[in-house]
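Visitor: I have a structure open and want a quick tour. Can we take it piece by piece?
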Amino acid sequence: MELLSTPHSIEINNITCDSFRISWTMEDSDLERVTHYFIDLNKKENKNSNKFKHRDVPTKLVAKAVPLPMTVRGHWFLSPRTEYSVAVQTAVKQSDGEYLVSGWSETVEFCTGDYAKEHLAQLQEKAEQIAGRMLRFSVFYRNHHKEYFQHARTHCGNMLQPYLKDNSGSHGSPTSGMLHGVFFSCNTEFNTGQPPQDSPYGRWRFQIPAQRLFNPSTNLYFADFYCMYTAYHYAILVLAPKGSLGDRFCRDRLPLLDIACNKFLTCSVEDGELVFRHAQDLILEIIYTEPVDLSLGTLGEISGHQLMSLSTADAKKDPSCKTCNISVGR
């Protein structure tokens, strides 16, 4: 039987966090003969990959020949924001069950995308299931070292400046390495109703009245839900003044929450005053997308311990947790 030509000119498009479309060119004489495609997909190793996690086995998909382009989805557990290489081979299945195969095409590299809004909506739904009841609070707070606040006063015009979010949380989060903001906490101790005296981030705490950052002129977005091989879970929310640069970034990428009625963080009017509540059973990480003036709050030293084990700086999400993972990737 005449040999098959080698596929060439591979094109990859319509890339999402867990799928892609692929096409290539082959000789006209092969089009009616080819019965199957072999597609070889490999995750690119990087120097920071977790050495204790199983290495991905090079994976070959055998697919019946269909008109190109074809969509590859669900054949592998594709991870978001991950670099892959792909090559293809065409084949004719013969009467004896063996395959006549072409040569392998050139190898093409591509990177999968972030979670889309529908994926984040799935994470949001999972987070809502364990959020627990709502507790009242009155301040947002940010813990850090004394030098951080001194630098803000001396070199940043007494402002806490937004900085780029690290890669903590879900690997597919569209905010990681993309959204600028200032991180705040709002969780309170159940027995006192006040912020805890311990912190993983430093002994100095800036507290600001909640209404300074969260009010009817603010949009609230759900950004992520994760854990770090622990029993407790984290939810990342974004507070963005309406019309701000951060608001425009989030509008196209993150689910918008009703500030007065959601399972995580609320601002509602009761008896003519703004009342604030947070979910009891989640550790909330709040990203405020604009600079924050230190003169709007108070700065002081806390009396508790610095619990470094609770730090989420560049924290990697537990990929095996059934509570906070969705099926499209980690």
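This is a predicted model: local features need pLDDT of at least 70, side-chain atom pairs count only at pLDDT 80 or more; totals for chains, interfaces and linings use all residues.

Visitor: How many residues does α2 have, and what does it span?
Guide: Helix α2 runs over residues 117-130 and has 14 residues. From first C-alpha to last it reaches 20 Å, close to the 20 Å expected at 1.5 Å a residue. The expected span is 1.5 Å times one less than the number of residues. Helices here are DSSP runs (H or I, at least four residues), strands are E runs of at least two, and both are numbered from the N terminus.

Visitor: Which residues of α2 are buried?
Guide: H119, L120, L123, Q124 and A127. They sit on the same side of α2, because they cover an arc of only 145° around the axis. That arc is taken from the directions from the helix axis to the C-beta atoms. Buried means under 20% relative accessible area, exposed over 50%, and partly exposed in between (1.4 Å probe, protein chains only).

Visitor: What is on the face turned away, and what covers the buried residues?
Guide: The face turned away carries the exposed residues E118 and Q129. The cover over the buried residues includes β15 (218-226) and β17 (256-257).

Visitor: Switching to the largest nonpolar core. Which members touch the most others?
Guide: F140, F184 and L265, out of 57 residues. A nonpolar core is a set of buried Ala, Val, Leu, Ile, Met, Phe, Trp, Tyr and Cys residues joined through side-chain atoms within 4.5 Å. Strand β16 (residues 234-241) gives the largest share, 7 residues. Another core, of 23 residues, lies apart from it, with I10, L78, Y84 and F110 among them.

Visitor: What does F140 touch?
Guide: Leaving out residues up to four places away in sequence, its partners include F184, F206, L239, L265 and I286. Contact means heavy atoms within 4.5 Å.

Visitor: How many aromatic pairs are there?
Guide: The whole structure has 12. Rings of Phe, Tyr and Trp (its six-membered ring) pair if their centres lie within 6.5 Å; planes under 30 degrees apart are stacked, over 60 edge-to-face, the rest tilted. F184 and F206 form a tilted pair, 6.4 Å centre to centre with 50° between the planes. F184 is in strand β13 (residues 180-184) and F206 in strand β14, 22 residues apart. F206 counts as buried, at 0% relative accessibility. Ring pairs also link F137, F140, F214 and F276 into a cluster.

Visitor: Now R205. Buried or exposed?
Guide: R205 counts as buried because its relative accessibility is 4%. R205 lies in strand β14 (residues 204-209).

Visitor: What does the R205 side chain reach?
Guide: The backbone oxygen of P196, at 2.7 Å. Its contacts beyond four places in sequence include Y141, D198 and T298.

Visitor: Last one. Where is L179?
Guide: L179 lies in the loop between β12 (163-164) and β13. L179 is buried, with a relative accessible area of 3%. The C-alpha atoms of L179 and T289 are separated by 7.9 Å, though the two residues are 110 residues apart along the chain.

Conventions
Residues are numbered from 1 along each chain as its sequence is written. Side-chain values use heavy atoms; hydrogens and water are left out. A polar contact is a pair of N or O atoms within 3.5 Å; within protein, one must be able to donate a hydrogen and the other to accept it, and residues adjacent in sequence count only if both atoms are side-chain atoms.
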